[in-house]
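Dear colleague,

I am passing on the structure we talked about, and below it I have set out what turned up when I went through it. Please read the notes with the structure open beside them.

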Amino acid sequence: MIEARKYRVFTLRNFKKIPQVQTYLTETDKHSIEVVGNVLPFKVNNYVIDELIDWDNIPDDPIYQLTFPQRDMLSDAHFTEMENALKQDLPKAALKLVANKIRYELNPHPAGQEHNVPVLEGTKLTGIQHKYRETVLFFPSNSQTCHAYCTFCFRWPQFVGIDELKFAMQETDLLVEYLKKHREVTDVLFTGGDPMVMSVKKFSAYIDPLLEADIPNLKTIRIGTKALGYWPYKFLTDKDADEMLELFKRIVDQGIHLTVMAHFNHPVELRTPAVKAAIRRILQTGAKIRTQSPIMKHINDNAAAWRDMWKEQVQLGCIPYYMFVARDTGAQDYFAVELDRIHRIFRDAYRQVSGVARTVRGPSMSTDPGKVQILGVSQIHGEKVFVLRFIQGRNPNWVGQPFFATYDPNAIWLDDLEPALGRKQFFFEEERIKLDEIPLN
Ligand SMILES: *Cc1c(COP(=O)(O)O)cnc(C)c1O
Ligand code: SF4
């Protein structure tokens, strides 16, 4: 039996009240949190603090790095700018202006996400992204937050209130209509923020109309969530936990494949009694759990972390699914790992697990043209190259076709790479220009 835990949330406003913060952090640490936390989102809770962070291992502890803002997440110039603004005791609105200016400079909208917003009879569906043929992403307006915030998150503009950048949608009706018109779509992926911050009442307001509409092409519902990592009590002892699991069961009973896309960044998140019990309960509904994470410096840039995650996930009944390359936004300089090193870590971990854990796909970059996987480094006619391929493409025909980029040990993203073997452009680039001119629907 897992005992209920009362959710206590900490932000910039009250983090100095956290007992461990008082014991383990210096004044300088707290000052850095204050400065950086005014630009990047900061929110943590008592489960993360008491069960996941090893406070004797500060500042290197991976979950501390994952949730607490660090001095070096901002450049010296940005840090000083925010620090000075705070010193001047500016009114709230003026502080916000400074913070927003820095946020814009941190590229809050990477990889051309705004290109993927579809239109239905003249209405822009701002809560939907439809990029890959089979799958639409749905951003319920009620899931624009999370149980705690990851310092690397590329969704952060949604939490810090740059309103015009929000992807969110009020109603499921438009989604239902869109799915009926687009028979090629088989999957709906609920995302956010974290849809599993919603009460079952709010969440079922999205799910029930979808189930009632009985859309023949809808085969899979996915829920992207970090709740298993940050707040497993959502599925255990929270007051509507049982009802949430019943809702999962209803989805499964209607013949729809339900998969929880669980976001785990480090094996320590898989080791508490609470997370193990929560995984068991979700699986009992007939839902599946697939796992994903970016690879990031200071958190999980070593093969042992990935090997252990994949092994322990399989042991608990989860299916390893994605290793992502961290996106070029926010504190990317702090977290970025070179593609070459990422691939070596991936391969090193992959070699150490049995076939049942080799369901994992990656390392993958979510770029504007598609999800690009790094297959490895090779020599072709004496030229050292990265071998790449699309696991998803704006154009489905691109998927699976290997292509080559000149080897560059310092590259951290597709933009840093040049076509190899004397080509001027990657094979998809000419075509992409034409595709961009065609509206998605
Ligand atoms: C990754 C992703 C999907 C899902 O792709 P799968 O290969 O089906 O997991 C859908 N839409 C977007 C925009 C994505 O980035
Ligand atoms: S849980 Fe997901 S959406 Fe929320 S802060 Fe972390 S990465 Fe971002």
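In what follows, a residue is counted as near a ligand if one of its heavy atoms lies within 4 Å of that ligand. Please also keep in mind that this is a predicted model.

By that criterion, ligand 1 is surrounded by Lys131, Tyr132, Thr135, Leu137, Arg222, Tyr321, Tyr322, Arg361, Lys371 and Gln392, a shell that by class holds four nonpolar, two polar and four charged residues. Taken alone, ligand 1 exposes 380 Å², of which the protein buries 88%. The elements that contribute two or more residues to this shell are E5, E6 and strand E11, which spans 319-325.

Those three strands belong to an open sheet of eleven strands with mixed pairing, in the order E5-E6-E7-E8-E9-E10-E11-E12-E13-E14-E15. Strand E5 (128-132) and strand E15 (403-406) stand at the edges with a single partner strand each, so one side of each has no neighbour in the sheet. From one strand to the next, the twist averages 30°. Strand E6 (residues 135-138) pairs with strand E7 (residues 187-190) in the parallel sense over four bridges, and Phe138 has Phe190 as its bridge partner in E7. Helix H8 (residues 173-181) packs on the sheet, where it touches E5, E6 and E7, and its direction makes about 175° with that of E6.

Around ligand 2 the residues are Cys146, Tyr149, Cys150, Cys153, Phe159, Gly193, Lys226 and His263, which divide into five nonpolar, two polar and one charged.

The peptide bond from Ile58 to Pro59 is cis, with omega near 5°, and Pro59 lies in the loop between helix H3 (46-52) and helix H4 (62-67). Glu121, although not a glycine, has a positive phi of about 40°, and this residue lies in the loop between strand E3 (119-120) and strand E4 (123-124).

Technical notes. Residues are numbered from 1 along each chain as its sequence is written. Chains are lettered from A and ligands numbered from 1 in the order in which they are written. This is a predicted model: local features need pLDDT of at least 70, side-chain atom pairs count only at pLDDT 80 or more; totals for chains, interfaces and linings use all residues. Side-chain values use heavy atoms; hydrogens and water are left out. Two strands pair if DSSP finds at least two bridges between them. Axes are lines fitted to C-alpha atoms, for helices over the stretch in contact, and angles run from 0 to 180 degrees between N-to-C directions. Contact means heavy atoms within 4.5 Å. Accessible areas come from the Shrake-Rupley method with a 1.4 Å probe; for residues, only the protein chains shown count as cover. Ala, Val, Leu, Ile, Met, Phe, Trp, Tyr, Cys and Pro count as nonpolar, Asp, Glu, Lys and Arg as charged, and the others, Gly among them, as polar.
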